Amino acid sequence: MKMYVINSSRICNRRYLHTLYSSSWLLAAVWCLTACSQQGRIGKVAARSMFGTAAFKHAHTGVAVMDAADGSYLYRYNSGRYFVPASNIKIPTLYAAMKYLPAQLPGLLVAETMDTVYVQPTGDPSLLHPDFKRHPVYDYLRQMQKPVVLNASNWKAEALGYGWAWDDYLGYYMAERSPLPVYGNTIRWIQQRSVETRDGLTDTAVLVLSDPEVNWEVRFSEKRTKQFSVTRSRTENRYEITEGKEWKKELEVPFVTNGVAAAMELLADTLKRTLLFRNDALLPLPETAGTLYSQPTDSVLRPMMHRSDN
């Protein structure tokens with residue numbers, strides 16, 4: 001009688017592997033159903049609250065929702081397409097500012113000698129900006145009795161960034177970049193009507209003001225429209241004002257910075273003194289140059305994050 005010895009451990013291993021494979025397939029199926037269910041839920045919410053609305057009907061929109069723990073995508077819609085940067089660019093801007101800028105924004109680099117003060121701008125956006133009540137840089141320049149020489153040879157950027165549409169350069173959110181921003185690099189134009197009565201006759205007077213005051217060319221259009229408007233060419237500070245029917249209307253219009261030329265002109269008018277300019281890279285600030293700080297960094301970042309525009 002021939003006997004066959006069966007390897008019981010092999011049978012057990014096969015049963016174990018079969019069970020393991022079955023469990024793996026089951027877990028994979030559960031994971032897939034969960035992930036698909038999660039993607040489906042996010043997709044339904046996006047379709048209902050975003051893509052199904054009138055505002056997004058003709059918009060170029062992309063969405064990517066990522067699990068920060070493992071880097072997997074929970075939901076994607078047009079995420080591989082290229083889009084013009086929008087207001088969410090201020091989020092990485094905030095991160096970079098908090099990571100690399102000090103607690104106080106550098107307002108000027110300053111070196112004072114026996115007879116002259118040399119200053120170099122830092123691009124601080126808060127100088128004479130109406131959002132801030134204190135202006136340490138302005139206070140310093142106002143009390144200085146010595147001649148002030150400004151050197152902006154450290155500025156290498158352009159007024160308007162690449163990859164952005166420039167046709168809305170008159171919008172308040174399109175202020176130019178410059179080494180020495182003042183007043184947010186915008187002019188506030190104000191139209192105000194008032195009623196005057198003389199000799200029994202009632203007349204409406206229209207007054208147009210600028211804040212700050214400017215000495216640039218201003219022309220008043222003969223047209224009358226419903227809305228007060230202020231326009232200029234993209235490259236010149238020559239303005240045309242059209243009267244509107246509003247009783248009071250304010251417009252914030254960016255001005256052409258021309259490097260530091262416009263800022264020095266506006267500062268000279270405000271400080272009641274002339275700043276000297278020497279844009280010579282061969283004339284660096286002395287080694288004794290120090291930093292004059294302006295605003296707390298978080299005080300400058302806060303309004304940027306609260307407002308919807310860039």
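1. Strands here are DSSP runs of E, at least two residues long, and helices are runs of H or I of at least four, both numbered from the N terminus; two strands pair if DSSP finds at least two bridges between them.

2. A word on the model. It is a predicted one, so local features need pLDDT of at least 70 and side-chain atom pairs pLDDT 80 or more, while totals for chains, interfaces and linings use all residues. Numbering runs from 1 along each chain as its sequence is written, and side-chain values use heavy atoms, with hydrogens and water left out.

3. Back to the sheet: strands 9 and 10 (residues 238-243) run antiparallel and are joined by four bridges. One to look up is Val230, whose bridge partner in strand 10 is Ile241.

4. Leaving aside neighbours within four places in sequence, Leu267 is in contact (heavy atoms within 4.5 Å) with Leu127, Leu128, Leu180, Val182, Lys272 and Leu275.

5. Now the aromatics. Four pairs turn up in the whole structure; rings of Phe, Tyr and Trp (its six-membered ring) pair with centres within 6.5 Å, and planes under 30 degrees apart are stacked, over 60 edge-to-face, the rest tilted. Tyr172 and Tyr173 are edge-to-face because their planes stand at 80 degrees, with ring centres 5.4 Å apart. Trp216 and Tyr239 have centres 6.3 Å apart and planes at 15 degrees, so they are stacked. Trp216 is in the loop between strand 7 (201-211) and strand 8, and Tyr239 is in strand 10, so this pair ties together parts 23 residues apart in sequence. Both Trp216 and Tyr239 are buried, meaning under 20% relative accessible area, against over 50% for exposed and partly exposed in between (1.4 Å probe, protein chains only). Along with Trp189 and Phe255, they form one aromatic cluster.
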